[in-house]
Amino acid sequence: MKLNCDMGESFGSWSKGMDADVMPYIDMANIACGYHASDPQTMDATVRLACAAGVMVGAHPGYPDLLGFGRRDMVLTADELRLMTVYQLAALDGICRVNGTRIQYVKPHGALYNRMMVDQQTLDALMQAVADYSIDCPLVVMATPEADDIRRRAGHYGLEVWFEAFSDRAYDDHGRLASRHLPGAVHTTTEAIEAQVLQIVEQGTVTTLGGHRISIKADTICIHGDSEHAVAAARHIREVVGS
């Protein structure tokens with residue numbers, strides 16, 4: 001089971017996350033591409049950290065929403081979604097190329113990620129963008145009971161998809177992430193995080209906020225690197241899931 005973490009989300013003089021401390025414990029670094037967070041210097045520094053640690057570099061595109069950190073939904077046409085995604089992939093991939101590497105997968109951020117999981121037009125636009133830019137980059141999507149349908153849809157674009165579960169976010173009864181506004185939507189202790197990770201890895205299920213068990217099959221588990229317990233959680237989850 002690979003661990004991934006959202007990274008490179010500082011901007012100018014504003015610092016966010018504990019990238020250098022978390023990097024040794026993960027396999028995949030989802031690096032912001034300048035729309036919801038990051039800037040060229042931050043992208044370069046984060047790519048260098050990932051390369052030094054032998055960590056895969058993934059593009060983490062989001063809505064053009066620095067003020068809202070990409071967590072506010074936006075109404076865009078399919079072509080706008082496609083092109084803004086290509087733009088962000090190219091930005092990070094350019095930084096990667098001058099550092100002797102390339103982007104190796106794509107994982108959308110925040111509201112864009114949530115939207116693609118409930119809106120077919122958004123998912124199609126993102127799949128088209130990734131296919132247009134690089135057929136060798138898998139698209140990371142949320143592991144849900146509808147995984148087979150998503151895999152078939154990706155096949156129309158010649159894409160591979162990797163399914164992701166979350167260590168520190170609660171699920172609703174539909175198998176989606178519970179809104180951050182709900183009590184208990186974010187796990188705040190390593191005990192709660194460990195319990196959810198073990199359930200995902202060993203049983204292939206998660207327990208929702210409503211108390212229901214749903215089946216999911218994940219290729220990777222996400223750790224959020226901007227929480228106060230990020231380093232401890234990353235270290236602990238690495239021990240739980242192994243190398």
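How many of the six residues of strand 1 are buried? In this predicted model, five of the six are buried, so strand 1 is largely enclosed by the rest of the structure; buried here means under 20% relative accessible area, exposed over 50%, and partly exposed in between, with a 1.4 Å probe and protein chains only. Helices (H or I, at least four residues) and strands (E, at least two) are DSSP runs, numbered from the N terminus. Residues are numbered from 1 along each chain as its sequence is written, and side-chain values use heavy atoms, with hydrogens and water left out. Because the model is predicted, local features need pLDDT of at least 70 and side-chain atom pairs count only at pLDDT 80 or more, whereas totals for chains, interfaces and linings use all residues.

Strand 1 (residues 2-7) runs parallel to strand 9 and is joined to it by five bridges, where two strands are taken to pair if DSSP finds at least two bridges between them. Within this pairing, Leu-3 has Ile-221 of strand 9 as its bridge partner, and Cys-5 has Ile-223. Strand 1 is also joined to strand 2, again in parallel, by four bridges, and in that pairing Cys-5 stands opposite Ala-29.

Strand 9 (residues 220-224) has five of its five residues buried, so it is largely enclosed by the rest of the structure. From this strand, Thr-220, Cys-222 and His-224 point one way, while Ile-221 and Ile-223 point the other way, and all are buried. Strand 9 pairs with strand 6 (residues 161-166) as well, in the parallel sense and over three bridges; Glu-164 has Thr-220 as its bridge partner there, and Phe-166 stands opposite Cys-222.

Strand 6 is likewise mostly covered, with six of its six residues buried. Val-161, Phe-163 and Ala-165 point one way from the strand, and Trp-162, Glu-164 and Phe-166 point the other way. Strand 5 (139-142) is joined to strand 6 by four bridges, and the two run parallel, with Val-161 of strand 6 as the bridge partner of Leu-139. Between these strands the chain passes through helix 6, and the resulting β-α-β crossover is right-handed, a term used if, with the strands pointing away from the viewer, the path from the first strand over the helix to the second runs clockwise.

In helix 6 (residues 147-156), the buried residues are Ala-147, Ile-150 and Ala-154. Seen down the helix axis, these buried residues fall within an arc of 60°, so they line one face of the helix, the arc being that of the directions from the helix axis to the C-beta atoms. An α-helix has 3.6 residues a turn, so residues three or four places apart point the same way. The face turned away from the buried side of helix 6 carries the exposed residues Arg-152 and His-156. Helix 5 (120-133), strand 5 and strand 6 are included in what covers the buried residues of helix 6. Gly-158, which follows helix 6, has a positive phi, near 70°.

Phe-166, which lies in strand 6, counts as buried at 3% relative accessibility. Phe-166 and Leu-139 are 27 residues apart in sequence and 16 Å apart in space, C-alpha to C-alpha. Leaving aside neighbours within four places in sequence, the residues in contact with Phe-166 include Lys-107, Tyr-113, Met-142, Ile-221 and Cys-222, contact meaning heavy atoms within 4.5 Å.

The largest nonpolar core contains 66 residues, of which Ile-26, Leu-92 and Val-141 touch the most other members; such a core is a set of buried Ala, Val, Leu, Ile, Met, Phe, Trp, Tyr and Cys residues joined through side-chain atoms within 4.5 Å. Apart from this core lies another, of five residues, among them Met-56, Tyr-105, Val-140 and Trp-162.

Ser-38 is placed in the loop between strand 2 (28-32) and helix 2 (40-53), and is buried, with a relative accessible area of 2%. A polar atom of the Ser-38 side chain lies 3.0 Å from the backbone oxygen of Gly-8. Beyond neighbours within four places in sequence, Ser-38 is in contact with residues including Gly-8, Phe-11, Ala-32 and Met-43.

How values were computed. A polar contact is a pair of N or O atoms within 3.5 Å; within protein, one must be able to donate a hydrogen and the other to accept it, and residues adjacent in sequence count only if both atoms are side-chain atoms.
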